[in-house]
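Hello,

Here is the structure I promised to hand over. Please open it alongside this message; my notes follow below.

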Amino acid sequence: MNPRRKKRMTVLLAVVAGLSLMVGLMLYALQQNIDLFYTPTELVQGKGKENITPEVGQRLRIGGLVVPGSVERDQQSLKVSFALVDAGGEQVTVRFDGILPDLFREGQGIVAQGHLADARTIDAFEVLAKHDEEYMPPEVAEALKGMEHFKPEYTEAQLKGSNL
C-alpha cells in the first residue's frame, strides 16, 4: 500500500475510533439521567409485553390521581406521604420531603419524580401538579383514561371564603 494511502487510512481509523469512544461515553453518561414514566399499574404489574418492572433504587417518574384520604403529613417536618391510583386500580405510595405545589390536593392528577424504594413505594424529590383542568401530560391522560376525577368536597365556610 502506498504510504500516502496508509497515512489517510490511519487518520480515518483514528477519527472513527475517537467518534465511537465519544458517543459511547455520552450514552454512558446519559444512562444515569434517564427517567422512565410509569403508572401505578405499570409499576406493580410491569410495563410492555415483557412486563418489565423497575429495579429498587432506579430513578423514575410516576403519574396518577392522589387517593382521597391518603395524604399523611408529619407534624414535626415537611414529610408527606400519599397514595396514587390509576385506571388499573393499583395503588402506590409516594413519600416526599418538601413543600408540595399549591395546586396539590386529594383527587388531583400529579407526576412525581424520585427513586423506587420498594415494589410499591417511591421516595420522591419532586412533585408536580397539573396546572388547570384542561392540561394533563399525555402519558398521565392515557393512564387515567376512563377514570373520573375525584370531586373535592368543600365546607360551607370554604365556599363563602374568608372575611378578611
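**S81 and its surroundings**

Setting aside neighbours within four places in sequence, S81 is in contact (heavy atoms within 4.5 Å) with S70, V71, E72, T93, V94 and R95. S81 is found in strand β4; helices (H or I, at least four residues) and strands (E, at least two) are DSSP runs, numbered from the N terminus. S81 is buried, because its relative accessible area is 17% and buried means under 20%, with exposed over 50% and partly exposed in between (1.4 Å probe, protein chains only). S81 and V71 are 10 residues apart in sequence, and their C-alpha atoms are 5.8 Å apart in space.

**What kind of model this is**

This is a predicted model, in which local features need pLDDT of at least 70 and side-chain atom pairs count only at pLDDT 80 or more, while totals for chains, interfaces and linings use all residues. Residues are numbered from 1 along each chain as its sequence is written, and side-chain values use heavy atoms, with hydrogens and water left out.

The average pLDDT of the chain is 84, and 80% of the residues score at least 70; pLDDT is the predictor's confidence in each residue, from 0 to 100. Where pLDDT is low, the predicted coordinates should not be read in detail.

Side chains alternate along strand β5 (residues 91-97).

Strand β4 (residues 79-85) runs antiparallel to β5, and 7 bridges join them; two strands pair if DSSP finds at least two bridges between them. The bridge partner of S81 in β5 is R95. β4 and β5 form a hairpin with 5 residues between them, and G89 in the turn has a positive phi of about 90°.

Strand β7 (residues 121-129) runs parallel to β5, with 4 bridges joining the two. In β7, D123 is the bridge partner of R95.

**Salt bridges**

How many salt bridges are there? The count comes to 3, where a salt bridge is a side-chain nitrogen of Lys or Arg within 4 Å of a carboxyl oxygen of Asp or Glu.

- D123 and R95 form a salt bridge, with their closest N and O atoms 2.6 Å apart. This pair links distant parts of the chain, D123 in strand β7 and R95 in strand β5, 28 residues apart. D123 counts as partly exposed because its relative accessibility is 31%, and R95 counts as partly exposed at 39%.
- E90 and R120 form a salt bridge, with the closest N and O atoms 2.9 Å apart. Here too the pair links distant parts of the chain: E90 is in the loop between β4 and β5, and R120 is in the loop between β6 (109-118) and β7, 30 residues apart. E90 counts as buried because its relative accessibility is 16%, while R120 counts as partly exposed at 36%.
- E42 and K47 meet through their side chains in a salt bridge of 3.9 Å, N to O. E42 is partly exposed, with a relative accessible area of 25%, and K47 counts as partly exposed at 30%.

Not counting residues up to four places away in sequence, E90 touches P40, T41, V44, Q45, L84, V85 and R120.

**R73**

R73 lies in strand β3 (residues 72-73). Is R73 buried or exposed? R73 is exposed, because its relative accessible area is 54%. Leaving out residues up to four places away in sequence, R73 touches K79, V80 and L100. R73 and D97 are 24 residues apart in sequence and 9.8 Å apart in space, C-alpha to C-alpha.

**The nonpolar core**

The largest nonpolar core has 20 residues, and L43, I62, F82, F104, I110 and V127 touch the most other members. β2 (59-66), β4, β5, β6 and β7 each supply at least two residues of this core. A nonpolar core is a set of buried Ala, Val, Leu, Ile, Met, Phe, Trp, Tyr and Cys residues joined through side-chain atoms within 4.5 Å. Apart from residues up to four places away in sequence, I110 touches I62, G63, G64, V66, F82, L84, F104, V127, L128 and A129.

Regards
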